[in-house]
Amino acid sequence: MPTARRASVRRLDDLDLRGASSPSPRAGTPPVDALDRHFALEIPRVFSEEERAALVAGVRAARAEWTADFGGEQFSLGRAFYTHLETGRSRLYFADAAASDTRVERHLPGLQRRMRELVAALTGGLAQPRRGFCGPGVHIFPAGEKVAREGGVVHFDTEGLSDYHLARRRRAITVVVMLDLPEADGGLKLWDVLYDGRDDPGGEAASARSLVARYSAGGALVIDSYRLHQIQPFPGDRDRISATVHAAEIDRGRWETWF
């Protein structure tokens, strides 16, 4: 059934990141509410070109500390919960959470703070680290590997949500900032399908409205974590490198973040 009034991406050119770490919710309608009417939100220039280039250099310099996932189909700097859950390594994820954050901060100083500030600016509330989980990190999808050739798995971002959260359909978002674009394509396909308790939506995606949201270098896309989506394939010799943070509202105006 339809889940948004418009199959569109709303661009937020005037999102104010200043003061986004405020410990109390701010008045007014938060930008994240626009996800009730749009498939995604786009925030350009989260990082300046100079900042973006420095972050990409930091990611590449940390190559020896990347975590390999799915047999090297993809990598991360900082451990990602969903990859560890799906490969039976959840215990390792939690045991290494503090060290994971230390690695990210050493190579990409300030990235985790900036990603939480972005969540706070979007939600108008407090964005805090989720206890025991890894903080925001980076995904590296290598050129020529499976995702580049075939695209990612069609999925929802519900793996990190508790049964309590899912049962009450509490709000959750996924924020992705593109640090290094592939040579072409590699956007995010979004369907007019929301999670209904089934991880496999069956054939619904085939007949549902959809669009492919495009990234800009240093810019972010924000989606409802319950929305069906897929990374699109990309040609060429350049890796797709993106910073990600997941966030869930655990109380009014209070959001927990993780990777």
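Before you click, note that the model is predicted, so local features need pLDDT of at least 70 and side-chain atom pairs count only at pLDDT 80 or more, while totals for chains, interfaces and linings use all residues. Residues are numbered from 1 along each chain as its sequence is written, and side-chain values use heavy atoms, leaving out hydrogens and water.

**Stop 1: the cores**

Select Leu111, Leu122, Val138, Val175, Val177 and Leu179: among the 39 residues of the largest nonpolar core, they touch the most other members. (A nonpolar core is a set of buried Ala, Val, Leu, Ile, Met, Phe, Trp, Tyr and Cys residues joined through side-chain atoms within 4.5 Å; buried means under 20% relative accessible area, exposed over 50%, and partly exposed in between, with a 1.4 Å probe and protein chains only.)

Now colour the elements that give two or more residues to this core, including helix 1 (49-61), helix 5 (111-123), strand 7 (172-180) and strand 12 (240-251). Helix 5 gives the most, with seven residues. (Helices, H or I of at least four residues, and strands, E of at least two, are DSSP runs numbered from the N terminus.)

Zoom in on Leu122. Leaving aside neighbours within four places in sequence, its contacts (heavy atoms within 4.5 Å) include Leu12, Pro30, Ile43, Val175 and Val222. Then pick Phe156, Leu161, Leu228 and Trp258, which belong to a second, separate core of 17 residues.

**Stop 2: salt bridges**

There are 18 salt bridges in the count, each a side-chain nitrogen of Lys or Arg within 4 Å of a carboxyl oxygen of Asp or Glu.

Start with Glu49 and Arg52, whose closest N and O atoms are 2.6 Å apart. Both sit in helix 1, three residues apart, about one turn of the helix. Arg52 counts as buried, at 11% relative accessibility.

Next, show Asp96 and Arg79, a salt bridge at 2.7 Å, N to O. Asp96 is in the loop between helix 3 (90-95) and helix 4 (97-107), and Arg79 in the loop between strand 4 and helix 2 (81-86), so the pair ties together parts 17 residues apart in sequence. Asp96 is buried at 14%, and Arg79 is buried at 12%.

Move on to Arg209 and Asp192, with closest N and O atoms 3.0 Å apart. Here Arg209 is partly exposed at 36%, whereas Asp192 is buried at 6%.

Last, select Glu49, Arg52, Arg60, Asp180 and Asp239: salt bridges that share partners join them into one network.
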